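Here are my notes for your read-through. Please keep the structure open beside them and go point by point.

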Amino acid sequence: MAEHGEEKLLAVARHIAKTLGHNDSTADDILQIFSNFDGRFSRDKLSEKMGDGDPRSCAALEHNLKSLDRQISQYVAADQPIWADSADAGAFLDAVDALIATLREWNPMTGEKSVGACLDRAEDLLQQAMFRVEDEFRSLMERGGESFELSRPLGAGESAGKYLFDSEDEDDEEGMIGCGEDHQIPVAHPLSDFDILIDALPSVTINDLHDIAKRMVAAGFVKECSHVYSSCRREFLEESISRLGLQKLSIEEIQKMAWCDIEDQIERWTKAATVALRILFPSERRLCDRVFFGFSSAANLSFMEVCRGSTIQLLNFADAIAIGSRSPERLFKVLDVFETLRDLMPEFEALFSDPYCLILKNEAITIWRRLGEAIRAIFMELENLIRRDPAKSEVPGGGLHPITRYVMNYLRAACRSRQTLEQVFNESMDDRASSSSLSVQMAWIMELLESNLEVKSRIYREPALSFVFMMNNAKYIFSKVRDSELGLLLGDDWIRKHSAKIRQYQVNYQRSSWNRVSAVLKADNTSLAQNLSLTAMREKLKLFDRHFDETCRTQSTWFIFDEQLREELRISVTENLSQAYRNFLGRLQNVPEAGKHPEKLIKYTVEEIGARINGLFQGSGGGRK
């Protein structure tokens, strides 16, 4: 070994002297300098046959190349796959290693004509060998991938990454899927259990691929190796995602679809993205790392080429949702896409942080933030919807307005994703902290809704009915807020104030309606009034009966949707009116002219007044929850 190294060193020194020397005298001077510098560079050794190089060395190179050509050419020209026989594969790789080593050894002397000619032939031979190696690499990828194994579910405490990487080749044929001529591409079946891991290729095949990749990289064919690897695996990956039900659609095609079709695609996308980022992509990452072990740049490049198309397909779908319509009913599906992408960010971070893949991770982050912007824009559209909802006609019976039902049920449903919405609004780019707060956003929507209802209440000609309308809608709002996530957002202070508003609407209703009836029965404070005649008392009673009948008839179609509120209102009206009516009847009995049978003058007893009132607020025009 030492003699071989010294011979190589002497050859390099002779080559330098020959190259730099413009004539024999100059070359001789250079040889003298080498001789003085190191005793191994004696004049006798260095001056041997300077004219055309060392014929013995050239002869050795020629002999070596002829031997390697015979060995390599027989495999290059073979009709059968070389890797069908492990002994042939080993012999072929040994010959390739020897050829690469020869090129490296003699490359410093390529300037010599005889050596350079030999090295040119060696380069041609190496290229032929690499073409055949590339075909063998592709063949191994296709044959090895004709079936893949779904590993057992993880046990408690097992690491997914460790288990997949450490899984060695097991000659277990169970779970392998054979492929005929019509099924050349192996694909993953739709999965719902994310503990199922994919062994994309058998370990023996992976080892063979690594041996080939190592030679191709050493020979300078790293791009070719990466290309053939990525083309095979990319086809597998794209077909696997297709089998998960996700169509390959452009952003424009998605935006032209009906929303019901998009909703179906979102469900498919959610499953496909989760399986891809948590099962398929990690499996491809580990496979790249094993095939290109020791060559991180080649592994990163190959992984990016394998996953780029599928990743862009997934991200383009999410982007189409983000830039689509801001219609409020789309909120919940947009939230699904936002949450899915958010939950997969750790996987994007882990898989796509190398220089080749960084652009994919950054694009995922950009689209995720764009989805957040879309969610905030949908809430702005909800605000506009409330503002634009016109006060066209009365809701029969003062019942619930459709806008109240819609907005409150919408907000309650939205608040099931409270944590997500808080994240979205807290990450708003608005510098004002309050404007990015979900609680402030909800309070603002409630204020808009109440203002809109106030406007709608004014179209009622009956003041009392306008208060029933506000009472109904305010109570519905209160019932949806209390004991819910929405109530936690709005806070106890908002709930107390809103409860006070409902009570005030009740008071206003009674003042504008039943107080006018009971006022007829009240005695004046003058002494003359305290001594009313039977005729005057009878007129008061008739006037009361008329007002009472008219009020009951008018309000017979009015509706209070909440049972508790309806009962409270009946009790309050009954107590106030019955007390005034009872006092009046007492005064009537004290009138001397009434005689022994004043009940003949009375149309309603106190109990009948209460019974009549208890039949109110059940009209059919108010709607239900």
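**Notes on the predicted model**

1. Overall burial. The protein chain has 625 residues, and 48% of them count as buried. Please keep in mind that this is a predicted model.

2. Secondary structure and contacts. The protein chain comes to 25 helices and two strands. Consider the contacts in the protein chain with a separation of 6 or more: residues 24 or more positions apart account for 81% of them.

3. Arg215. This residue sits in helix H8, which covers residues 203–218. Is Arg215 buried or exposed? Its relative accessibility is 11%, so Arg215 counts as buried, the cut-off being under 20%. Setting aside neighbours within four places in sequence, Arg215 is in contact with Leu93, Val96, Asp97, Ile100 and Met130.

4. Salt bridges in total. How many salt bridges does a search of the whole structure find? The search gives 28. Some of them are taken up below.

5. Asp289 and Arg285. Their side chains meet in a salt bridge, at 2.8 Å from N to O. Both residues lie in helix H11 (residues 259–291). They are four residues apart, about one turn of the helix. Asp289 has 29% relative accessibility and counts as partly exposed. Arg285, at 12%, counts as buried.

6. Arg388 and Glu381. Here too the side chains meet in a salt bridge, with an N to O distance of 2.8 Å. Arg388 is exposed, its relative accessible area being 54%. Glu381 counts as partly exposed, at 25% relative accessibility.

7. Asp389 and Lys456. Asp389 forms a salt bridge with Lys456, and the closest N and O atoms are 2.9 Å apart. Where do the two partners lie? Asp389 is in the loop between helix H15 (358–388) and helix H16 (402–414), while Lys456 is in helix H18 (residues 438–457). The pair therefore ties together parts that are 67 residues apart in sequence. Asp389 is partly exposed, with a relative accessible area of 22%. Lys456 counts as buried, at 3% relative accessibility.

8. A linked group. Which residues join Asp135 in a network of salt bridges? Glu134 and Arg138 are linked with Asp135 in that network.

9. Geometry of H21 and H24. Two packed helices are described by the angle between their axes and the distance between the axes. Helix H21 spans residues 492–512 and helix H24 spans residues 563–589. Their axes come within 11 Å and cross at roughly 40 degrees.

10. Residues between H21 and H24. From H21, the contact involves Ile502, Gln506, Tyr509 and Gln510. These meet Leu565, Glu568, Leu569, Ser572, Val573 and Asn576 in H24. How do the residues of this contact divide by type? Five are nonpolar, four are polar and one is charged.

Definitions and conventions. Residues are numbered from 1 along each chain as its sequence is written. This is a predicted model: local features need pLDDT of at least 70, side-chain atom pairs count only at pLDDT 80 or more; totals for chains, interfaces and linings use all residues. Side-chain values use heavy atoms; hydrogens and water are left out. Buried means under 20% relative accessible area, exposed over 50%, partly exposed in between (1.4 Å probe, protein chains only). Contact means heavy atoms within 4.5 Å. A salt bridge is a side-chain nitrogen of Lys or Arg within 4 Å of a carboxyl oxygen of Asp or Glu. Axes are lines fitted to C-alpha atoms, for helices over the stretch in contact, and angles run from 0 to 180 degrees between N-to-C directions. Ala, Val, Leu, Ile, Met, Phe, Trp, Tyr, Cys and Pro count as nonpolar, Asp, Glu, Lys and Arg as charged, and the others, Gly among them, as polar.
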